[in-house]
Amino acid sequence: MTTHAMTADGRGRVLADGNEMPLLGLGVWQVPDGPECVSAVRGALELGYRHIDTAQAYGNEESVGRALRESGLPRDEVFITTKFYPGRSDPAVEAERSLRRLGVDHVDLYIVHWPRGGPTWAWPGMERARELGFTRSIGVSNFDTGELQLLLARPGTAPVVDQVQFSPFEYRRGLLAACERSGIVLEAYSSLGTGRHLADATVAEVSQRHGRTPAQVLLRWCVQQGVPVIPKSTRRERIAENGQIFNFSLSDEDVAALATLDGTGGTHRAREGKWW
Ligand code: NDP
């Protein structure tokens with residue numbers, strides 16, 4: 001188990017800056033802007049999700065904002081993450097544009113999408129976005145241990161989250177340990193392997209033992225370690241299924257069996273293949 005603080009209900013993490021982040025969110029990468037995205041986000045909010053993960057690069061912030069408004073939920077009950085697209089130059093300017101598209105006056109977490117051009121140049125702009133009240137927390141994504149260390153070496157605000165590809169198949173133990181030592185929450189993306197990990201035999205065996213689905217087992221494996229997950233689906237029944245991960249536990253043996261699937265060698269890296 002993690003040494004970091006959990007929220008009182010056990011379903012969230014207390015970030016190093018004191019803000020709280022729900023362990024379960026809906027990811028909307030590859031969901032086109034428009035009715036499909038609005039419906040997925042609305043469905044998730046109806047089903048009890050209180051955390052949505054979008055990005056400037058996904059092009060669907062407007063739909064996320066519309067779904068949030070249509071849900072009728074108070075703004076402060078939903079944790080919204082968006083990501084600075086590092087092909088742009090000024091994170092504070094881009095944050096303001098995101099807020100306009102989302103129709104909110106702040107997001108909860110604003111992260112550098114990937115360390116394009118190096119890990120530190122965007123950070124002063126991220127800090128400015130926070131100081132201006134555009135976001136409550138700031139973090140990074142796709143940063144490896146060395147890149148985090150370079151960022152932590154500079155004075156100022158430290159990142160509170162590193163969002164990376166993480167699952168039993170990408171069990172980045174080195175990076176996870178480095179994050180925990182530095183008070184950074186490692187957040188998992190693609191924890192279903194963008195769908196690829198769902199057919200694995202070991203995952204199937206553990207699922208059958210618990211009367212659960214492969215998706216639930218993969219997600220539970222993360223949240224049981226205090227790692228937030230943001231599974232993507234546009235199908236209501238799957239969004240519901242993916243939300244049912246707080247009413248069962250994996251045994252130590254299950255957790256260990258799943259960990260044997262790791263193909264990264266417990267790496268400190270954030271990605272095996274970089275797209276930047
Ligand atoms: P996931 O690992 O969450 O898998 C999503 C895929 O699995 C979709 O094809 C979905 O299909 C299918 N699926 C979802 N739930 C189930 C289920 N219960 N049973 C069967 N199939 C299921 O994919 P992502 O790669 O999208 O990662 C999740 C999120 O992480 C992204 O949406 C994004 O928010 C974030 N992310 C961040 C990145 C970064 O660089 N920071 C990079 C990649 C992702 P269907 O929709 O048809 O149900």
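With which residue does Arg 66 form a salt bridge, and how far apart are the closest N and O atoms?

Analyst: The model is a predicted one. In it, Arg 66 forms a salt bridge with Glu 70, and the closest N and O atoms of the pair are 3.9 Å apart. Both residues belong to helix H2, where four residues, about one turn of the helix, separate them. Arg 66 has a relative accessible area of 47% and is therefore classed as partly exposed, since that class lies between the 20% limit for buried and the 50% limit for exposed.

Glu 70 has a further partner. A salt bridge also joins Glu 70 to Arg 42, with 3.3 Å between the closest N and O atoms. This second pair connects distant parts of the chain: Glu 70 is in helix H2 (residues 61-71), whereas Arg 42 is in helix H1 (residues 35-46), and the two are 28 residues apart. Glu 70 is partly exposed, its relative accessible area being 38%. Arg 42 is likewise partly exposed, at 28%.

These pairs belong to a wider arrangement. Salt bridges link Arg 42, Glu 46, Arg 66, Glu 70 and Arg 236 in a network. In total, the structure holds 16 salt bridges.

Another salt bridge has a buried setting. The side chains of Lys 83 and Asp 53 meet at 2.5 Å, N to O. Here too the pair links distant parts of the chain, with Lys 83 in strand S5 (residues 79-84) and Asp 53 in strand S4 (residues 51-53), 30 residues apart. Both Lys 83 and Asp 53 are buried.

Asp 53 leads on to two other features. Among the 29 residues around the ligand, Asp 53 is one of those that come nearest, together with Ser 190, Lys 232, Ser 233 and Arg 238. For Lys 232, a polar side-chain atom lies 2.7 Å from an oxygen atom of the ligand. Asn 242 places a polar side-chain atom 2.9 Å from a ligand nitrogen atom. The protein covers 90% of the 910 Å² of accessible area that the ligand has on its own.

Asp 53 is also among the residues touched by Leu 26, as are Val 41, Tyr 49 and Ser 233. Leu 26, Val 41 and Phe 166 have the most contacts inside the largest nonpolar core, which has 69 residues. Helix H8 (residues 214-223) supplies the largest share of this core, seven residues.

Terms used:
Residues numbered from 1 in each chain as written. Predicted model: local features only at pLDDT ≥ 70, side-chain atom pairs only at ≥ 80, totals over all residues. Heavy atoms only, no water. Core = buried A, V, L, I, M, F, W, Y, C linked by side-chain atoms within 4.5 Å. Buried < 20%, exposed > 50% of the residue type's maximum accessible area, 1.4 Å probe, protein only. Contact = heavy atoms within 4.5 Å. Near = heavy atom within 4 Å. Polar contact = N/O pair within 3.5 Å; in protein donor to acceptor, adjacent residues only side chain to side chain. Areas by Shrake-Rupley, 256 points an atom, 1.4 Å probe, with all protein chains shown as cover. Salt bridge = Lys/Arg side-chain N within 4 Å of Asp/Glu carboxyl O. Lists of a residue's contacts leave out its neighbours within four places in sequence.
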